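Biologist: Please put the model on the screen, and then we can go through it piece by piece.

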Amino acid sequence: MPELFAYTDGACSGNPGPGGWGVLMRAMDGDAVLKERELNGGEAETTNNRMELLAAIGALEALERPSAITIVTDSAYVKNGVTGWIFGWKRNGWKTSNKKPVKNVDLWQRLDEAQSRHDVTWEWVKGHAGHPENEKADELARAGMAPFKPKKAKT
């Protein structure tokens, strides 16, 4: 049975500003890549955290049937949120421990729904540290952001 991995990343030019998200999905048999798929997108006015969340959501929503998947992210915000904080937020009606509304609640709820259909393992990797798949996800995120960045005037 092949193993499924999604390497996710978000990028933002300014925070907030134009942003993008990217996903490198791979079906693996040991060290052999059986199938590979690239996903990305972006928004004109967003934050880095929203793009990191949308990358994970994009990976999960791209799966056509319930699957076992390992999502590899360089976002401690996403990993810590989805494996820890989210349980308290849900218990508290999507409020933080300080009784404040959860930031990006729309995307946290969407991520919670998307992962409920799958058997998800979450892994964190250090970003911009030469991890080839993370670097590819970063490249895809920057490509997703490109259409939303202002064009530089030629001199």
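Biologist: Which loop is N104 in?

Modeller: N104 sits in the loop between helices α2 (76-91) and α3 (105-116), where helices (H or I, at least four residues) and strands (E, at least two) are DSSP runs numbered from the N terminus. This is a predicted model, in which local features need pLDDT of at least 70 and side-chain atom pairs count only at pLDDT 80 or more, whereas totals for chains, interfaces and linings use all residues. Residues are numbered from 1 along each chain as its sequence is written, and side-chain values use heavy atoms, with hydrogens and water left out.

Biologist: And what is phi doing at N104?

Modeller: Phi of N104 is near 60°, a positive value although the residue is not a glycine. As background, most residues other than glycine have a negative phi, and most peptide bonds are trans.

Biologist: Is N104 buried or exposed?

Modeller: N104 is buried, because its relative accessible area is 16%, and the classes are buried under 20%, exposed over 50% and partly exposed in between, computed with a 1.4 Å probe on protein chains only.

Biologist: Where is H128, and what is its phi?

Modeller: H128 is in the loop between β5 (119-124) and α4, and its phi, near 55°, is again positive in a residue other than glycine. H128 counts as exposed, at 60% relative accessibility.

Biologist: Which peptide bond is cis?

Modeller: The bond from N15 to P16 is cis, with omega near 15°, and P16 belongs to the loop between β1 and β2. In that hairpin, which has four residues between the strands, G14 takes a positive phi near 90°.

Biologist: How do β1 and β2 pair?

Modeller: They pair in the antiparallel sense over ten bridges, with two strands taken as paired if DSSP finds at least two bridges between them. Within this pairing, D9 has G22 of β2 as its bridge partner. β1 also runs parallel to strand β4 (residues 68-73), to which five bridges join it, and there Y7 is partnered by V72.

Biologist: How many residues of β1 are buried?

Modeller: Eight of its ten residues are buried, so β1 is largely enclosed by the rest of the structure.

Biologist: Switching to annotation, which residues does the UniProt "binding site" cover?

Modeller: The unreviewed UniProt entry gives that annotation to D9 and D138. Although they are spread over 130 residues of sequence, they cluster in space, with a largest C-alpha distance of 5.4 Å. The record also places the feature "domain: RNase H type-1" at residues 1-146; UniProt positions are given in the numbering used here, feature names are shortened, and annotations may be inferred rather than shown by experiment.

Biologist: What surrounds D9?

Modeller: D9 lies in strand β1 and is buried, with a relative accessible area of 1%. Leaving aside neighbours within four places in sequence, D9 is in contact (heavy atoms within 4.5 Å) with residues including M51, E52, D74, N134 and D138.

Biologist: And what does D138 touch?

Modeller: With neighbours within four places in sequence again left aside, D138 is in contact with D9 and H128. D138 lies in helix α4 and counts as buried, at 8% relative accessibility.

Biologist: How far does α4 reach from end to end?

Modeller: Helix α4 (residues 132-145) has 14 residues and reaches 20 Å from its first C-alpha to its last, close to the 20 Å expected, the expected span being 1.5 Å times one less than the number of residues. The buried residues of α4 include E133, A137, L140 and M145. Seen down the axis of α4, the buried residues fall within an arc of 160°, so they line one face of the helix, with the arc taken over the directions from the helix axis to the C-beta atoms.

Biologist: What do the buried residues of α4 pack against?

Modeller: They pack against β1 (3-12), β2 (17-29) and β3 (32-46). R26 itself counts as buried, at 16% relative accessibility.
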